[in-house]
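Me: Could you walk me through this structure in a few questions and answers? I am new to it.

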Amino acid sequence: MFERLGRTMVRRRWWVLGLAVAFIAFAGIWGTQVFGKLVGGGFDDPASESSRALTRAEAELGREGNDVVVLYRSATLTADDPAFQQAVTSTLSDLPSDVVTGSATYWSTKSPTFVSKDKHETFAVLTLAGDDEETRTDQLEQIEGDLAAPGLESEVGGSTAINRDINERVSADIAKAETLSMPVLLILLVIIFGSLAAASLPLAVGGLAILGAFTALRGLSYLTDVSIFSVNVVTILGLGLAIDYGLFMVGRFREELGRGLSVEDAVARTMGTAGRTVAVSGVTVAVSLAGLLIFPITFLRSMGLGGLSAVLIAMVAALTVLPALFGVLGHRVDALSVRRLFRRKATVSADVEHGFWYRLARSIMRRPVVYTVGVLAVLLIAATPFLRVEFGGIDARALPAGTESRVVSETLDRDFVPNSQSPIDAIVTSSSGLDQYVADVRKVDGVTGASVTAQEGNTARVSITYDGDPISAESRELVSRIREVPAPSGGEVLVGGQTAALADQLKTVGDRLPWMALIVVGATFVLLFLAFGSLVLPVKAILMNVLSLGASFGALVLIFQEGHLSGLLNFTSTGTLEATQPILVLGIVFGLSMDYEVFLMSRMREEYDRTGDNTQAVAVGLQRSGKIITSAALLILVVIGLFSISGITFIKLIGVAMLIAVLVDATIVRALLVPATMRLLGDLNWWAPGPLRRLYARYGIHEEGSATPPAPVPAGVGS
């Protein structure tokens, strides 16, 4: 099938390229308008109790939120001075009523929670018009310049300001990362591919993948909410996998041309081997990301949709546009060569057994037990810190220190009654018994106060204050104790608020995570069996991926939870890890690791089928794919590594986690652990019981190609 596809793409190359150009034009005009359709936030489960509490409160009591918190300060006046009051109230009264639908101050509520301990600071809470965060952000920017009170210092914070600052910083960081990484990436592409013509091929596939994913996301945005953060995963995977597939297919195309095949035959042979591997890899990575779709949380689901779009379009482009470009370029794939500037030209084709990766594999396989035990010990020790992981949420500390909205949040926590702006809210619907319910809540261990803050008909909001960090485990346990308080007779209570939303999010993640693991592991196992005809290789591949991820997650605990390297990386540790980010890293890195596994095993299987010698197959397979895997890893590290310089902590976490995982997987695991374990298992690597062997023979995704076995060739893309 793949050989036939390759020949068709060569013979219809101008039609294929014409359609690709037309698609790029359409995607560039229509698809790039997706940015206006994406939403912020999306970290909550819409079916959870906290989300239902918010919905009911807004329907029965009207929307009331700390969209904007304006902090006012005076060095000489206190909040009890008439001049202080006049300055604030007159400023707020001048705000347009169609923008600010509600406000609360010390003087309107008489609540001491609005005044700092030294009484030189107070804050006003504003509720903005608008049903979505984007609209409220526009409203904030309309009035932001009018919030300063005469004679007072003022700073603007609140949930809308924090979300806006996070979104703006993420967009700026992505632009900065792309600006810094692109020149480095282009230089490395030219060096690794050996010519300007060859280096341009993965960029063409990457451009198609990214623009195609933007187009797909815009279409999906009409059906469901899509998070703005999905753009990150589109950029990483679209360009990263395009580079991987380009490396693998360009390298194989050069090998086949070097054997003296015609351009069409070389493309057909490339598609029958490397093309088949790209298809298996693409589907495997897509399956890993599809696991994110089972989560009802918009952020994770959007990452799955964005990743799936980028991966599948990159795969399709590599299997259609790339062979068409091979047909156009032919031997000119080496045009504008720069190899002579960096190294000597490759020598005879028989040098495969003298290559670095071949010699490394042979060296490792002479001491397989030592390498296996040593590498396993290192990876298990590196994963140990993950045993003490504590999950939490996102708050203003995700922003860089000194950001105005973060400063307001920190000032409220330091100088005012703790958690005055993040209470636990109980929405009570009952015709009687409200006073008794409030009294019962006040008796709950950890509660510092409870009072009715809004009431309309039979529905009331009870705001509950407490000591401690809203995202801490202790605060989440307090939510559980409050939910155990009996509702008034014949009534219902829904507990919400920031802490309750986090508790619900963690429960949703914990409930769905085993199903994600089952789907991803099960589908990956089946795909790898169909690709290689072995029951052992899929199990081994999955276990090695778990080891790579374990080492990465252990580092996350040390760095982001416990704060080691926080000074160097310039972030503030909250003592927890935001729960959705490791799951996102799990989906992406598991897919990328399988990408490398498929590349490596496909060359080993090809050699094993040719010779029947497991040891030789491992050495030759590593020689022919080792450089491709490490080059691909280096290039994708450039793409993702600069995300670690982001000013937003959870984006920085994604960058650091993926950097560590890819580095460990492409070096320690693929270069050391795989050859050692393959040598220990011997021919058992390729074992399957008789019925499954027959199943593989009939339905497996086999290598295609001519009956003539491939001659040994020098390894590497530039050989």
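Reply: Gladly! Helices (H or I, at least four residues) and strands (E, at least two) are DSSP runs, numbered from the N terminus. This is a predicted model, in which local features need pLDDT of at least 70 and side-chain atom pairs count only at pLDDT 80 or more, while totals for chains, interfaces and linings use all residues. Residues are numbered from 1 along each chain as its sequence is written, and side-chain values use heavy atoms, with hydrogens and water left out.

Me: Which element gives the largest share of the lining of the largest cavity?

Reply: On a 1 Å grid over the protein atoms alone, a cavity is a set of points where a 1.4 Å probe fits but cannot get out, and lining residues have an atom within 4 Å of a point. The largest cavity is lined by 17 residues, with Gly-393, Thr-574, Thr-576, Glu-578 and Thr-649 nearest its centre. Both β10 (577–578) and α23 supply at least two residues of this lining. The largest share, 3 residues, comes from α23.

Me: How are Phe-43 and Phe-650 arranged as an aromatic pair?

Reply: Rings of Phe, Tyr and Trp (its six-membered ring) pair if their centres lie within 6.5 Å; planes under 30 degrees apart count as stacked, over 60 as edge-to-face and the rest as tilted. The structure holds 19 aromatic pairs. For Phe-43 and Phe-650, the centres are 6.1 Å apart with 75° between the planes, so the pair is edge-to-face.

Me: How many residues apart are Phe-43 and Phe-650?

Reply: Phe-43 sits in the loop between α2 (13–29) and α3 (49–61), and Phe-650 in helix α23 (residues 649–681). Their pair links distant parts of the chain, 607 residues apart.

Me: Is Phe-650 buried or exposed?

Reply: Buried means under 20% relative accessible area, exposed over 50%, and partly exposed in between (1.4 Å probe, protein chains only). Phe-650 has a relative accessible area of 4%, so Phe-650 is buried.

Me: Which strands are the edges of the open sheet of 4 strands?

Reply: Two strands pair if DSSP finds at least two bridges between them. The sheet runs in the order β7-β8-β6-β9, with antiparallel pairing. Each edge strand pairs on one side only, and the edges are β7 (447–456) and β9 (492–496).

Me: Which residue in β8 stands opposite Ala-450?

Reply: β7 and strand β8 (residues 459–466) pair in the antiparallel sense over 8 bridges. Opposite Ala-450 stands Ile-464.

Conventions. On a 1 Å grid over the protein atoms alone, a cavity is a set of points where a 1.4 Å probe fits but cannot get out, and a pocket is an open set with protein on both sides within 12 Å along at least five of seven lines; lining residues have an atom within 4 Å of a point.
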